[in-house]
Amino acid sequence: RELMRKAVEAGSPTALILMAGQEGGAALERVRERVARELGRGDPSAFLALVGRDFPAGNRAAVVALCEAGVELEVPAAYAIRARVERMRWSPDEKRYAADYKRAAEAHDPEGLCGYSRCLVSGAGETPRDPGRAERLLAEAEANGFEGAVVERAWALLRTGPKEEWRAHLVAWAKEPERRLRKMYWGELGLQAWTVYLSAPPSEKDELYKLSFGLIRRAGAETSLDPRLPLVLGLAFCNGSIPVPGRSALDVAAPYFQRAAELGHPEGCHAWGNALLLGLGVKQDVKRGLERLEEGARLGHARSWERLGDAWSGRLKQTGLRDIERATRYYVKAGEAGVASAMGKAAEILIQTKKHAEGRGWAKRATLKGDPVGLTYYAKCLFDGLGGPTEPADALRVLQSFIDDPELKLEHLDLGAAASQALAERYRSGRGLPKDSGQAARYAERAKELRQRWLEAEAKAKAKAKGRGR
């Protein structure tokens, strides 16, 4: 700590932010006062000398506080950096960061020029679209030698030009010596490549994968203040995009999810919470896992509500948890946020606990969203008159649309087999439908077919996961 204080006294921007981030409170206020004092001498460039554009990983609040001190004294770079910090958030305030970028661009701050050029193209924060002006601002930043302009140039090419030109631009920059570009800009380029990689055809994925992760790793995902970088690497390890021979992919991915969670990324909180909850790549800690999932849900990750419902419903037996009322509340929250699978799970619990009217409502909503669990329970409600009138014709139509789908997804094969067998039993017994031995035999055979396909798919998935070390 004493060495850190000496570094601060010597003018180190890294030490300045790290000290404020570690100590917070009064220390943070002292650092803020120092920035204001230095700037008060009439030299706006003192802000960058103290803070720097490529600020170190640490407490986001410290960086924001330093920017606020600069903004109070109308320092253009402070507006630009505050805008960038805001844009890194999971649900950024577009109007706020667009206004900050505009203010910085009007003062010809190079980062402000780049940031506002993006707003002019994308329309972020209700910015009037003006591609011509956006190009002029970007050209000004490039003419001033601002290295961050390469990111905005690549982004502009990605939005408006052929992907081949964008890719050539990134490949050329990836071959440049690392000293030519700061780590945060390598990260932005890597995230661009990752975005394209996700939707690319199979023939292009290998090249884009190598490009994306080469750039992200060069950015130092382990220490970056941008939570998207460790999150992307963690996801890549989990889905097998980055092979890890001889090691569990989850063991490798878990620290990246932890880093993303510590930086406040909702999906990072979700992934890290799930890892703790189930002991995936880390020692199981159910209490901390639930806390992280709660945090992810509060930050806007709706599937975290669903995962909490899974934990308390007893679906995740390794957690040892079971509280049906609590599970129902979580599923309903996720359903209200638009998660179709949570709607189906809410319907299942409500119908099983004899709350038929409410369960029927959620089952119908899930059916309209295409969730197969909700669909099967909605058909049951219509067949048996649970929570409303009996409507066998509609029930049959709903169930057949699922069972007879020739493109039934692999993850739905087991449920399709169970639904097909249940329909066969209805035709055999005459419960809810006229007896029909031919239809009973047909759907019993369909159930066998779907069950066999599901078993084969499960075997292939296990073999594939074993090969990846998962």
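1. Let's start with the surface. In this predicted model, the protein chain exposes about 22500 Å². As for the interior, buried residues make up 51% of the 470 residues in the chain.

2. Next, the overall build. The protein chain has 25 helices and zero strands, so you can read the secondary structure here as helices and what links them. Among contacts with a separation of 6 or more, 53% are between residues 24 or more positions apart.

3. Spanning residues 392–403, H23 has twelve residues. From its first C-alpha to its last, H23 reaches 16 Å, close to the 16 Å expected at 1.5 Å a residue.

4. Which residues of H23 are buried? They are Ala395, Leu396, Val398, Leu399, Phe402 and Ile403. Viewed down the axis of H23, these buried residues fall within an arc of 165 degrees, so they line one face of the helix. The face turned away from that buried side carries Ala393 and Arg397, both exposed.

5. You will find Ser304 in helix H18, residues 302–313. Its relative accessibility is 0%, and because buried means under 20%, Ser304 counts as buried. The side chains of Ser304 and His270 are joined by a polar contact of 3.0 Å. Leaving aside residues up to four places away in sequence, Ser304 touches His270, Leu293, Gly296 and Ala297.

6. Now a loop residue. Where does Met88 sit? Met88 is in the loop between helix H6 (76–87) and helix H7 (94–106). With 8% relative accessibility, Met88 counts as buried. Met88 and Leu225 are 137 residues apart in sequence, while their C-alpha atoms are 8.9 Å apart in space.

7. How many disulfides does the structure hold? The count is zero. For background, a disulfide is a covalent bond between the sulfur atoms of two cysteines. Cys238 counts as buried at 16% relative accessibility, and Cys381 counts as buried at 0%.

Notes: Residues are numbered from 1 along each chain as its sequence is written. This is a predicted model: local features need pLDDT of at least 70, side-chain atom pairs count only at pLDDT 80 or more; totals for chains, interfaces and linings use all residues. Side-chain values use heavy atoms; hydrogens and water are left out. Helices (H or I, at least four residues) and strands (E, at least two) are DSSP runs, numbered from the N terminus. The expected span of a helix is 1.5 Å times one less than its number of residues. Buried means under 20% relative accessible area, exposed over 50%, partly exposed in between (1.4 Å probe, protein chains only). The arc is that of the directions from the helix axis to the C-beta atoms. A disulfide is a pair of cysteine sulfur atoms within 2.5 Å. Contact means heavy atoms within 4.5 Å. Accessible areas come from the Shrake-Rupley method with a 1.4 Å probe; for residues, only the protein chains shown count as cover. A polar contact is a pair of N or O atoms within 3.5 Å; within protein, one must be able to donate a hydrogen and the other to accept it, and residues adjacent in sequence count only if both atoms are side-chain atoms.
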